[in-house]
Amino acid sequence: MKFTIDDIKAEHAKVKSGADFPQYIRALKELGVSRYITYVSDQNTDYFDEDNQLAATRGENDPVRSISGIVNLEEFTKKLKLHQQGGTDYPTFCTDCAQNGIEGWKMDLNAMTCTYFDKEGNDVLTENIPG
């Protein structure tokens, strides 16, 4: 595995809002991350390389969030756009996800897509990552 959790944390520390996200993804890709999955409820994130080796972070300092059982895609999409434009920080975005039924997201750095999913693991929304 080419990357370490410390490498990932260093890149994540540079992210101040959703507007910084494309650069963050490029940096992770350069480190050798091929995909990752983030869970809003506990902030656990699993990072995978091309050989499917796993490195994980655990949200020890982050609050556990209760995820709504009802997906409000319209409201979530509004909150997502606001975040992507730099209007909210990461903790606020995670709270917005939880309140609107989004359990997490799967990032595919090869396909350059982000897929948001609900508590049941159902895909709710897939977006292309700006390159």
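Me: How far apart are the mean positions of the positive and negative charges of the chain?

Reply: Lys and Arg count as positive and Asp and Glu as negative, while His and the chain ends are not counted. Each charge is placed at NZ of Lys, CZ of Arg, CG of Asp or CD of Glu. In this chain the mean positions of the 14 positive and 22 negative charges are 3 Å apart.

Me: What should I know about the model and the numbering?

Reply: This is a predicted model, in which local features need pLDDT of at least 70 and side-chain atom pairs count only at pLDDT 80 or more, while totals for chains, interfaces and linings use all residues. Residues are numbered from 1 along each chain as its sequence is written, and side-chain values use heavy atoms, with hydrogens and water left out.

Me: How many helices and strands does the chain have, and in which order do the elements run?

Reply: Helices (H or I, at least four residues) and strands (E, at least two) are DSSP runs, numbered from the N terminus. The chain has four helices and six strands, in the order α-α-β-β-β-α-α-β-β-β from the N terminus. The radius of gyration is 14 Å, close to the 14 Å of the globule rule for 131 residues, so the chain is as compact as a globular protein of that length. That radius is taken over C-alpha atoms, and the rule is 2.2 Å times the number of residues to the power 0.38.

Me: What percentage of the residues count as buried?

Reply: Buried means under 20% relative accessible area, exposed over 50%, and partly exposed in between (1.4 Å probe, protein chains only). Of the 131 residues of the chain, 44% count as buried. Thr 57, in strand β3 (residues 54-57), counts as buried because its relative accessibility is 14%. Thr 4, in the segment before α1, is partly exposed at 40%.

Me: Which residues does Thr 57 touch?

Reply: Contact means heavy atoms within 4.5 Å. Leaving out residues up to four places away in sequence, Thr 57 touches Ile 5, Lys 9, Gln 43, Asn 44, Thr 45 and Tyr 47.

Me: Which residues of helix α2 are buried, and what covers them?

Reply: An α-helix has 3.6 residues a turn, so residues three or four places apart point the same way. In α2 (residues 21-31), the buried residues are Pro 22, Tyr 24, Ile 25, Ala 27, Leu 28 and Leu 31. Their cover includes α1 (5-12), β1 (35-39), β2 (45-48) and β4 (104-108). After α2 comes Gly 32, with a positive phi near 110°.

Me: Which residues of α4 are buried?

Reply: They are Phe 93, Cys 94, Asp 96, Cys 97 and Ala 98, and what covers them includes α3, β4 and β5. Just after α4, Gly 101 has a positive phi of about 85°.

Me: Which residues touch the most other members of the largest nonpolar core?

Reply: In soluble globular proteins, nonpolar side chains tend to be buried together. A nonpolar core is a set of buried Ala, Val, Leu, Ile, Met, Phe, Trp, Tyr and Cys residues joined through side-chain atoms within 4.5 Å. Here the largest has 26 residues, of which Leu 28, Tyr 36 and Trp 105 touch the most other members. At least two residues of this core come from each of α2, α3 (73-84), α4 (90-99), β4 and β5 (113-117). Leaving aside neighbours within four places in sequence, Leu 28 is in contact with Ile 8, Val 33, Tyr 36, Tyr 47 and Leu 109.
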